[in-house]
Structure formats: C-alpha cells, structure tokens
Amino acid sequence: MKLTDANPGHDRRIIWGCYGLIVLYSVSLMFPALDDLSGLECLTSVPFAIMFLAWWANLFFFIGLPSLLLGNPLLGFWCGTVATFLSLSTLILFSFGSLGPGYFIWFGCMVGLTWLAWLQTDRLNPEE
C-alpha cells in the first residue's frame, strides 16, 4: 500500500504546509528579531553565526524541509526537532522582552517543520 492510498490529500497538505513555511520564514526576515536587528541581519551576520547557537537552527531547517518534501519525513522530523531546540537557545542569551515578532515567526517555522514531519511519519505507520 502506498502512502497516498491511505489518505489521498495528505501529501498535498504537506506540500502546501512546506510552501507556507517558506513564506513565513521569508516574512520573518523582514521583521525585527532581536533588539533592533532584523531577521535578515541576524541571518547574514558572520559573528552572529560563529558565537550564537540558535543561528544553526537555520541549517537544520533547510536540511529538514527539503527532506520532508522529497519523501524522508523521519529526517525532516529530527532536523525540525533539533532546529526547534536550537532556536530556543535564544532565551539563554536574550531576555524575552528583547525578542521581536521576527523571532516568534521564525521560531514558529521550526515548530511547524517538526509538526508537518510528524504528521507525515504518522502516516507511514497507519494503525490497521
């Protein structure tokens, strides 16, 4: 039995969900994320990447998202989980009040990837 036999619309929802995450991620880059820095400034700042653990969540996000789209939901799930925990490390260095809307949209993308991949892995083992 193929995955699409169990629920024909499921793959389409995952694909649209991934496209939605790409749009949200892009939107998060335009908003302030930390203090006065936009998400794009946080992403492209080299010193930020070297000394800030949460920056590496982007790498796991961009490995997990294509993995999910290409049919490897387990890798997508684990990358999403790692990205979510790495993005939470922001709370170690910055106060909650210094986080802007860009951070919360970005964090939502990490959680969204984990959730979408979990939905897909759940479909791989249908209870019959």
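Figure 1. Read along the sequence, the chain follows the pattern α-α-β-β-α-α-α-α-α-α, with eight helices and two strands. Helices (H or I, at least four residues) and strands (E, at least two) are DSSP runs, numbered from the N terminus. The model is predicted: local features need pLDDT of at least 70, side-chain atom pairs count only at pLDDT 80 or more, and totals for chains, interfaces and linings use all residues. Residues are numbered from 1 along each chain as its sequence is written, and side-chain values use heavy atoms, with hydrogens and water left out. Of the 128 residues in the protein chain, 39% are buried; buried denotes under 20% relative accessible area, exposed over 50%, and partly exposed in between (1.4 Å probe, protein chains only). The accessible surface of the chain comes to about 7500 Å², as given by the Shrake-Rupley method with a 1.4 Å probe, where for residues only the protein chains shown count as cover. Carbon and sulfur atoms hold 72% of this surface. Among contacts (heavy atoms within 4.5 Å) between residues at least 6 apart in sequence, 68% join residues at least 24 apart.

**Figure 2. The largest nonpolar core.** This core has 25 residues; a nonpolar core is a set of buried Ala, Val, Leu, Ile, Met, Phe, Trp, Tyr and Cys residues joined through side-chain atoms within 4.5 Å. Those with the most contacts inside the core are Leu21, Tyr25, Phe61, Leu68, Trp106 and Met110. Two or more residues each are given by helix 2 (10-28), strand 1 (32-34), helix 5 (57-69), helix 6 (73-88) and helix 8 (101-124). Helix 8 supplies the largest share, seven residues. In soluble globular proteins, nonpolar side chains tend to be buried together.

**Figure 3. Surroundings of Trp106.** Leaving aside neighbours within four places in sequence, Trp106 is in contact with Tyr25, Ser28, Ala54, Ala57, Asn58, Ser87 and Thr90. Trp106 also belongs to one aromatic cluster with Phe96, Tyr103, Phe104 and Phe107.

**Figure 4. Aromatic pairs.** The whole structure contains eleven aromatic pairs. Rings of Phe, Tyr and Trp (its six-membered ring) pair if their centres lie within 6.5 Å; planes under 30 degrees apart count as stacked, over 60 as edge-to-face and the rest as tilted. One of the pairs, Tyr25 with Phe62, is edge-to-face, at 4.9 Å centre to centre and 80 degrees between the planes. Tyr25 lies in helix 2 and Phe62 in helix 5, so this pair ties together parts that are 37 residues apart in sequence. Tyr25 is buried, at 5% relative accessibility, whereas Phe62 is partly exposed, at 43%. Phe77 and Trp78 form an edge-to-face pair with 5.3 Å between centres and 75 degrees between planes.

**Figure 5. A nonpolar patch on the surface.** Ile15, Trp16, Tyr19, Ile22, Leu69 and Leu70 form the patch, with about 640 Å² of accessible area together. Patches are made of residues with over 30% relative accessible area and no salt bridge; like charges are joined within 9 Å, and nonpolar side chains (Val, Leu, Ile, Met, Phe, Trp, Tyr) within 5 Å. A salt bridge is a side-chain nitrogen of Lys or Arg within 4 Å of a carboxyl oxygen of Asp or Glu. Helix 2 gives the most to the patch, with four residues. Leu70 is placed in the loop between helix 5 and helix 6 and is exposed, with a relative accessible area of 75%.

Figure 6. Gly64 is found in helix 5 and is buried, at 0% relative accessibility. Apart from neighbours within four places in sequence, Gly64 is in contact with Gly76, Cys79 and Leu113. Gly64 and Ala83, 19 residues apart in sequence, are 9.0 Å apart in space, C-alpha to C-alpha. Ser67 also has its place in helix 5 and is buried, at 11% relative accessibility. With neighbours within four places in sequence left aside, Ser67 is in contact with Asn72, Pro73, Leu75 and Gly76.

Figure 7. Ser98 lies in the loop between helix 7 (90-93) and helix 8 and is buried, with a relative accessible area of 13%. Beyond neighbours within four places in sequence, Ser98 is in contact with Ala33, Leu34 and Asp35. Asp35 is found in the loop between strand 1 and strand 2 (37-38). Phi of Asp35 is near 50 degrees, a positive value in a residue other than glycine. Most residues other than glycine have a negative phi.
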